Amino acid sequence: MLKLSGEALQGGMGFGVEPKVLQAVAREVKTAVQQGVEVAIVVGGGNYFRGATAHEGLDRATADYVGMLATCMNALMLQSALEQEGVATRVQTAIEMREIAEPYIRRRAIRHLERGRVVIFGAGTGNPFFTTDTAAALRAAEIGGDAFLKATKVDGVFDCDPVKNPNAKLHKELGYRDVTTSGLQVMDETAITLCKENDIPVVVFNLYTPGNIMRALLGDPNVGTTIS
Ligand code: UDP
């Protein structure tokens, strides 16, 4: 299960999706698929809209639904980028929009994966008050995923913020508990708890290092931080 934040897709643009980033992601996913890895992807929507930091006059649930719709735009664009690389891809959404994507059906998703198709899950969990990290953890548990690969802007989990502190130290390995008790900002607690309860290791890695997505998908232990 590869989790891409919406922000990751915007590259240097500050909003929306940068075609170059999308193409680079698609190429790396393709390499992993060609080597026989079954790839599912959950994509965020923060490059368009985030419910939690929403706007005056919008109630939270409505804002979250808008956020979920934003993830679907990313899912469709990622599908198109993958298809241009020749990778068979299905989008399944947690909110039905049958004209443009399949509804989420667990057994069908598993079948697609078995047939070598990449499955992109859109619209998060379909419920407000959740995040796409939680959606990725949930789907990973449902489809029997081997790992939760979280692509970020930094190399992994550090002992302090590497953007603010150049001496920050990268952890190679952590326990789930280290993450929940130390206040390290890795992912929200619901997501990490789901991974812990279902024994799904989490790998946090830098999306912008060329080749990293492919290496993470192929299970390279030298990529990022592993939480297990
Ligand atoms: N969201 C939601 N339920 C979910 C997943 C997402 O309500 O199960 C909404 C929420 O408003 C969130 C937005 O969709 O802010 C976009 O997702 P997220 O912020 O997780 O995207 P990312 O930060 O990964 O780009």
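Where does Lys 3 lie? Lys 3 sits in strand E1, and we will come back to that residue once the overall picture is in place.

Good morning, everyone. First, some housekeeping. Residue numbers start from 1 along each chain, following the sequence as written. The model is a predicted one, so local features need pLDDT of at least 70 and side-chain atom pairs count only at pLDDT 80 or more, while totals for chains, interfaces and linings use all residues.

Let's start with the whole chain. The protein chain has eight helices and eleven strands; helices here are DSSP runs of H or I with at least four residues, strands are runs of E with at least two, and both are numbered from the N terminus. Its radius of gyration is 16 Å, close to the 17 Å from the globule rule for 228 residues, so the chain is as compact as a globular protein of that length. That radius is taken over C-alpha atoms, and the rule is 2.2 Å times the number of residues to the power 0.38. The C-alpha trace spans about 50 × 50 × 35 Å along its principal axes.

How much of the chain is buried? Buried residues account for 44% of the 228. By buried I mean 20 or more other C-beta atoms within 10 Å of the residue's own; exposed means 12 or fewer, partly exposed is in between, and the C-beta atoms are placed from the backbone. As for contacts, among those in the chain with a separation of 6 or more, 66% join residues 24 or more positions apart. Two residues are in contact when their C-beta atoms, placed from the backbone, lie within 7 Å.

Now the domains. Domain 1 covers 8–135, and domain 2 covers 146–208 + 223–228, with bounds that come from an automatic or database domain assignment. Their C-alpha centres are 21 Å apart. Five residues of domain 1 contact seven residues of domain 2. On the domain 1 side, those residues are two nonpolar, two polar and one charged. For the classes, Ala, Val, Leu, Ile, Met, Phe, Trp, Tyr, Cys and Pro are nonpolar, Asp, Glu, Lys and Arg are charged, and the others, Gly among them, are polar.

On to the ligand. Which residues come nearest to the ligand? Of the 23 residues around the ligand, those are Gly 44, Gly 46, Gly 51, Gly 67 and Gly 124; a residue counts as near if its C-beta atom, placed from the backbone, lies within 6 Å. The shell divides into seven nonpolar, 13 polar and three charged residues. Helices H1 (6–10), H3 (60–84) and H5 (132–143) each supply at least two residues of this shell, and H3 gives the most, with six.

After H2 comes Gly 36, with a positive phi near 95°.

In H7, residues 189–197, the buried residues are Ala 191, Ile 192, Leu 194, Cys 195 and Lys 196. Their packing partners are H5, strand E6 (148–152), helix H6 (176–182) and strand E10 (202–206). Just after H7, Asp 199 has a positive phi of about 55°.

The loop between E5 and H5 is worth a look as well. Ala 123 lies there, with a positive phi of about 70° although it is not a glycine. Phe 129 lies in that loop too, and its phi is positive at about 75°, again without being a glycine. Buried or exposed? Ala 123 is buried, with 28 C-beta neighbours inside 10 Å, whereas Phe 129 is exposed, with 12.

Back to Lys 3, as promised. Lys 3 is buried, because 28 other C-beta atoms lie within 10 Å. Beyond its neighbours within four places in sequence, Lys 3 has contacts that include Val 42, Thr 132, Phe 148 and Lys 150. Lys 3 and Val 43 are 40 residues apart in sequence, yet 5.9 Å apart from C-alpha to C-alpha.

Finally, Arg 60 is found in H3. Arg 60 is exposed, with 12 other C-beta atoms within 10 Å, and touches Gly 51, Ala 54 and Pro 128, leaving out residues up to four places away in sequence.
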